[in-house]
Amino acid sequence: MFRPHWPIKIESMVLFNQASIPKFKVCTILLCILLVDCQILESTSQSLPLLPDILNFLDQRLALVFSIIQTFKNTITSDPLGVTTTWVGPNICNYTGFYCDNPPDNLTAITVASIDFNGFQLSAPSLDGFIDQLPDLALFHANSNNFSGTISPKIAGLKYLYELDLSNNLLSGAFPTSILNMPTLSFLDIRYNLFTGSVPPQIFMQPLDALFLNNNNFMLTLPNNLGDTSALYLTLANNKFTGLIPRSIGKASSTLKEVLLLNNLLTGCLPYEIGFLNQAILFDAGNNLLTGPLPCSFGCLEKVEVLNLARNLLYGQVPEVVCALGNLANLSLSYNYFTKVGPLCKKLIMSGVLDVRKNCILGLPDQRSVQECTTFFSIPRTCMNLSSFNIIPCKIIPRRGKTPVRTESPRHLLSYSALSRNNRVL
């Protein structure tokens, strides 16, 4: 309620009388003051919202997060799409990017349940004090923004959060270990950021369905318990991981469908336990420093459609049992040092399914030079447990029907879509 300025005007009139100003001038001045005062009162009352509008939230839970959202809005330094212009007033459920629902602990309440900032191109120095302060948040998707800083440890307090997508931002620091204390989380996507250091073993013990860590600066060796993961989709590509592929990977045989290890610095020989992944559709460990023969156990990957081991240091014969796999659409072994292929593999070469360019296979076109091959084999190379490379831990079903032909448009593979920074995986 505005306080009138009458005392000031009365005092002004008294002063004018004391100065012996003619009465008509006093009346003129007083009239001007009154007109100006009315205009000020009118314009001010129009610019300020009425009190009932400010407090008219659909639910008390929305009232509690209003100030959190407004505080975060004030930290945003760039909003090229004008998204935050809708973040005004009490109707938070109509804010662009915000979605409301009934929380699990009170089905009659209304709260902010999910946030989708995908592609908004917002810039802010930090997400701290924002998502970690929204207690009922179940989903947060923010692909392709410019959020920087680190992930707050307080995020572990979000008891309903099950999808977290922070991909394609400018987040940095070590792996956000606060995530390890979130038992409800089933989807984690932090690809295309600036995270560095090692990946903690505990992440492979989380009940995740999908784990996308590609295109960061993670390094050191992969944890030995990698096979404890429950993930269907595991994407560790385009980092700086070193050392061996853990033999425990075979323990994920009942769940793991897509594995991307390409473009790292992995060394050593391929563990034959990879052949236990009988649910795998995609296995890609291309462009590493892997060496040794191709294990015959790979012939047990009965569902695999894409198998990429190109640009490594593999050698020996390409096993016929691998070329006999019935669902293969793409077997890429180019830029290695293989020396022999059998009749089944030759059929796959002719059909375009098998790529063995730039190897050391006599009689095939587009191979490495004799000098390259001689230089490579002049250095003694061996693998531990060499006898395991001939083990086939499954019953081989002979290929029937026509030889598969490479398709120009293979079906959509979720993990490969994660290799494009602007793609939203879900």
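**Entry 1: salt bridges**

I began with D116 and R424, whose side chains meet in a salt bridge at 3.3 Å, N to O. D116 lies in strand β2 and R424 in the segment after α8 (414–417), so this pair ties together parts that are 308 residues apart in sequence. I looked up the accessibility of R424 and found 42%, which counts as partly exposed. I note here that this is a predicted model.

One of the others I looked up is between the side chains of D105 and R61, at 3.2 Å, N to O. This pair also links distant parts of the chain: D105 is in the loop between β1 (98–101) and β2 (111–116), R61 is in helix α4 (residues 60–75), and they are 44 residues apart. D105 has a relative accessible area of 45%, so I put it down as partly exposed.

I then took R357 and D355, which form a salt bridge with their closest N and O atoms 2.8 Å apart. The two residues fall in separate accessibility classes: R357 is partly exposed at 37%, whereas D355 is buried at 17%. As for bridges that share partners, I recorded one network made of R61, D105 and D136.

**Entry 2: parallel strands**

I followed the pairing around β11. Strand β9 (residues 194–197) is joined to strand β11 (residues 217–221) by two bridges, and these strands run parallel. On this side, T196 has N217 in β11 as its bridge partner. Three bridges join β11 to strand β13 (residues 240–243), again in parallel. Here M219 stands opposite K240 in β13.

**Entry 3: aromatic rings**

I searched the whole structure for aromatic pairs and got 24. F98 and F117 make an edge-to-face pair, 5.8 Å centre to centre with 70° between the planes. F98 sits in strand β1 and F117 in the loop between β2 and β3 (123–124), 19 residues apart, and I noted the pair as linking distant parts of the chain.

I went on to F218 and F241. Their ring centres are 6.5 Å apart and their planes lie at 15°, so the pair is stacked. F218 belongs to strand β11 and F241 to strand β13, 23 residues apart. Both F218 and F241 are buried.

I also wrote down a cluster linked by ring pairs: F72, W87, Y95, F98, F117, F120, F130, F140 and F147.

**Entry 4: charges over rings**

I checked two arginines against tyrosine rings. The charged end of R311 sits over the ring of Y335, 3.9 Å from the ring centre. The charged end of R368 sits over the ring of Y337, 4.1 Å from the ring centre.

**Entry 5: disulfides**

How many disulfides does the structure hold? I found five, and I looked at three of them in detail.

C269 and C383 form a disulfide with their sulfur atoms 1.8 Å apart. C269 lies in the loop between β15 (265–266) and β16 (282–284) and C383 in the loop between α7 (370–377) and α8, so the pair ties together parts 114 residues apart in sequence. C269 is buried at 17% relative accessible area, and C383 is buried at 7%.

C323 and C345 form another disulfide, with sulfur atoms 1.9 Å apart. The torsion about this S-S bond is about 100°, so the disulfide is right-handed. C323 lies in helix α5 (residues 320–323) and C345 in helix α6 (residues 343–351), so the pair ties together parts that are 22 residues apart in sequence. C323 is buried at 0%, and C345 is buried at 0%.

A disulfide joins C360 to C373, S to S 2.0 Å. With a torsion of about -100° about the S-S bond, the C360 and C373 disulfide is left-handed. C360 is in the loop between β22 (354–355) and α7, and C373 is in helix α7, 13 residues apart. Both C360 and C373 are buried.

I numbered the bonded cysteines of the protein in sequence order and read the pairing as 1-2, 3-9, 4-10, 5-6, 7-8. C296 is in no disulfide, and the nearest cysteine sulfur, that of C300, is 9.5 Å away. C296 is buried, with a relative accessible area of 16%.

Methods: Residues are numbered from 1 along each chain as its sequence is written. This is a predicted model: local features need pLDDT of at least 70, side-chain atom pairs count only at pLDDT 80 or more; totals for chains, interfaces and linings use all residues. Side-chain values use heavy atoms; hydrogens and water are left out. A salt bridge is a side-chain nitrogen of Lys or Arg within 4 Å of a carboxyl oxygen of Asp or Glu. Helices (H or I, at least four residues) and strands (E, at least two) are DSSP runs, numbered from the N terminus. Buried means under 20% relative accessible area, exposed over 50%, partly exposed in between (1.4 Å probe, protein chains only). Two strands pair if DSSP finds at least two bridges between them. Rings of Phe, Tyr and Trp (its six-membered ring) pair if their centres lie within 6.5 Å; planes under 30 degrees apart count as stacked, over 60 as edge-to-face and the rest as tilted. A charge sits over a ring if NZ of Lys or CZ of Arg is within 6 Å of the ring centre and within 35 degrees of the ring normal. A disulfide is a pair of cysteine sulfur atoms within 2.5 Å.
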